[in-house]
Each structure stands twice: as C-alpha cells, then as structure tokens.
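Student: I've got a new model open on my screen. Can we talk through what the terms used for it actually rest on?
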Amino acid sequence: TSTRFFPGTVNLSPNILIRYILALMDGLYRQGFRRFILANGHGGNSYPRQVGAEMVRLHPDSEVFYTGTFGMGVWDTVNADPENIM
C-alpha cells in the first residue's frame with residue numbers, strides 16, 4: 001500500500017498473492033519439481049513463508065527453502081549442487 005500513489009502500481013492482497021504463488025508451485029510440483037526456493041526481495045512481506053508452509057503441508061515430499069533477504073547465500077546453495085535442484 002505504500003506505493004498506491006505511484007501511477008500504474010498494482011497491489012495484490014496477501015490472500016491473492018499467497019494463492020497465486022502456491023498455484024505456481026503446485027503446477028511445478030505436478031511437473032516433477034520437489035525443491036523450491038522462495039526469495040523474498042521486499043522486507044515487509046512475510047507471505048512467501050506462508051506459501052512455503054502450505055506447500056509442504058499439501059505435498060509432504062516437497063522441500064521449500066525460504067530466504068527473507070535476497071542474495072544471502074541462496075545461489076551458493078544452488079550452485080553447490082546444480083544437478084540436484086529438481
């Protein structure tokens with residue numbers, strides 16, 4: 001809502017954002033993905049963490065790595081074993 005005064009800015013409610021990201025992850029899950037990285041680049045949003053928890057609840061064989069600040073070792077983790085991302 002802090003951007004509501006900037007023309008062209010569209011805000012999503014937390015509920016819509018959670019459902020949208022979960023739908024994306026569920027679609028990837030159906031294609032065989034089991035490991036996910038959620039990198040939140042905005043300090044005030046904790047919604048991606050809720051998505052990760054819901055994903056694991058719905059699909060217990062999935063794994064979700066969440067980082068609240070983009071770039072804090074995420075790609076080091078990915079690059080350490082690039083063949084084992086999926």
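Student: What percentage of the residues of the protein chain count as buried?
Tutor: This is a predicted model, and 21% of its 86 residues count as buried. To get that label, a residue needs under 20% relative accessible area.

Student: And what order do the elements of the protein chain run in?
Tutor: From the N terminus on, you read α-β-α-β-α, which comes to three helices and two strands.

Student: Why is H1 called oblique to H2?
Tutor: The axes of H1 (residues 14–30) and H2 (residues 47–58) cross at roughly 45° and come within 9 Å. Angles under 35 degrees count as roughly parallel and 65 to 115 as roughly perpendicular, so H1 ends up oblique to H2. As for handedness, H1 passes H2 in a right-handed crossing.

Student: Which residues in H1 meet H2, and what classes make up the contact?
Tutor: On the H1 side they include Leu17, Ile18, Ile21 and Asp26, and their partners in H2 include Tyr47, Gln50, Val51 and Glu54. By class, the contact has eleven nonpolar, one polar and two charged residues. Take isoleucine 18: leaving out residues up to four places away in sequence, it touches Tyr47, Gln50 and Val51.

Student: What makes up the largest nonpolar core?
Tutor: Nine residues: Ile18, Ile21, Leu22, Met25, Tyr29, Phe36, Leu38, Val51 and Met55.

Key: Residues numbered from 1 in each chain as written. Predicted model: local features only at pLDDT ≥ 70, side-chain atom pairs only at ≥ 80, totals over all residues. Heavy atoms only, no water. Axes fitted to C-alpha atoms, helices over the stretch in contact; angles between N-to-C directions. Helix = DSSP H or I, 4+ residues; strand = E, 2+ residues; numbered from the N terminus. Parallel < 35°, antiparallel > 145°, perpendicular 65-115°, else oblique. Left-handed = near helix turned anticlockwise from the far one by under 90°. Contact = heavy atoms within 4.5 Å. Nonpolar A, V, L, I, M, F, W, Y, C, P; charged D, E, K, R; others polar. Core = buried A, V, L, I, M, F, W, Y, C linked by side-chain atoms within 4.5 Å. Buried < 20%, exposed > 50% of the residue type's maximum accessible area, 1.4 Å probe, protein only.
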